[in-house]
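Me: I've got a model open on my screen and I'd like to learn how to read it. Can we walk through it together?

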Amino acid sequence: MLTAWSITEIFRYSFYFLNLFTTVPYVLVWCRYTFFIVLYPLGYIGELLTTLFALPYIRDTKLLSIGLPNVSNISFNYYYFIIGAAFLIYIPSFPQMYLHMMRQRKRALMPSPKKIE
């Protein structure tokens, strides 16, 4: 996961930096909009596995959870919050985010139409 993120960030920030000077080499544009095809799913799976492996610790230590009784009379279980966020939001949103990036890739790598004078 860390390797996928690192490689992605190298190309992304190099692209942004050179874009300040409006001189981005095509190789860098291609790398920025192509390497994600492999790196994005790897990072995504790495994040999910990290969350999965952290769940027993979160459950056992009651990390960031608030139990009853307390002054505010509310309870919050971080363990179930993480499960809900991962399975109800993060996993279903993957196809939408990935396809959005594929559309951006198509737009960035497509040759610009020539002006007819």
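Me: Let's begin with glycine 67. Where does it lie?

Reply: Glycine 67 sits in the loop between helix 3 and helix 4. Helices here are DSSP runs of H or I with at least four residues, strands are runs of E with at least two, and both are numbered from the N terminus. Keep in mind that this is a predicted model, where local features need pLDDT of at least 70 and side-chain atom pairs count only at pLDDT 80 or more, while totals for chains, interfaces and linings use all residues. Residues are numbered from 1 along each chain as its sequence is written, and side-chain values use heavy atoms, with hydrogens and water left out.

Me: Is glycine 67 buried, partly exposed or exposed?

Reply: Buried means under 20% relative accessible area, exposed means over 50%, and partly exposed is in between (1.4 Å probe, protein chains only). Glycine 67 comes out at 48%, so it counts as partly exposed. Its C-alpha atom is 12 Å from that of tyrosine 79, twelve residues apart along the chain.

Me: What joins leucine 68 and proline 69?

Reply: Most residues other than glycine have a negative phi, and most peptide bonds are trans. Leucine 68 and proline 69 are joined by a cis peptide bond, with omega about -5 degrees. Proline 69 is in the loop between helix 3 and helix 4.

Me: And which residue other than glycine has a positive phi?

Reply: Lysine 62 is one of them, with phi near 55 degrees. Lysine 62 is also in the loop between helix 3 and helix 4, and it counts as exposed because its relative accessibility is 61%. Threonine 22 has a positive phi too, about 55 degrees. That residue belongs to the loop between helix 1 and helix 2, and with a relative accessible area of 70% it is exposed.

Me: Let's zoom out. How many helices and strands does the chain have?

Reply: Four helices and zero strands, so reading from the N terminus you get α-α-α-α.

Me: Which residues of helix 2 are buried?

Reply: In helix 2 (residues 26–34) they are Leu28, Val29, Cys31, Tyr33 and Thr34. They pack against helix 1 (2–20), helix 3 (36–61) and helix 4 (78–109). When we talk about contact, we mean heavy atoms within 4.5 Å.

Me: Which residues make up the largest nonpolar core?

Reply: A nonpolar core is a set of buried Ala, Val, Leu, Ile, Met, Phe, Trp, Tyr and Cys residues joined through side-chain atoms within 4.5 Å. The largest one has five residues: Phe15, Leu28, Val29, Tyr33 and Leu109. Helix 2 gives the most to this core, with three residues. Take valine 29: leaving aside neighbours within four places in sequence, it is in contact with Phe15, Val24, Ala108 and Leu109.

Me: Now the charges. How many salt bridges does the count come to?

Reply: A salt bridge is a side-chain nitrogen of Lys or Arg within 4 Å of a carboxyl oxygen of Asp or Glu. By this rule the count comes to two. In one of them, arginine 12 pairs with glutamate 9, with the closest N and O atoms 2.4 Å apart.

Me: Why are arginine 12 and glutamate 9 separated by about one helical turn?

Reply: An α-helix has 3.6 residues a turn, so residues three or four places apart point the same way. Arginine 12 and glutamate 9 are three residues apart in helix 1, which means about one helical turn between them. Arginine 12 is partly exposed at 27%, and glutamate 9 is partly exposed at 26%.

Me: And the other pair?

Reply: Aspartate 60 bridges to arginine 59, with the closest N and O atoms 3.3 Å apart. Aspartate 60 counts as exposed at 55% relative accessibility, whereas arginine 59 counts as partly exposed at 42%.
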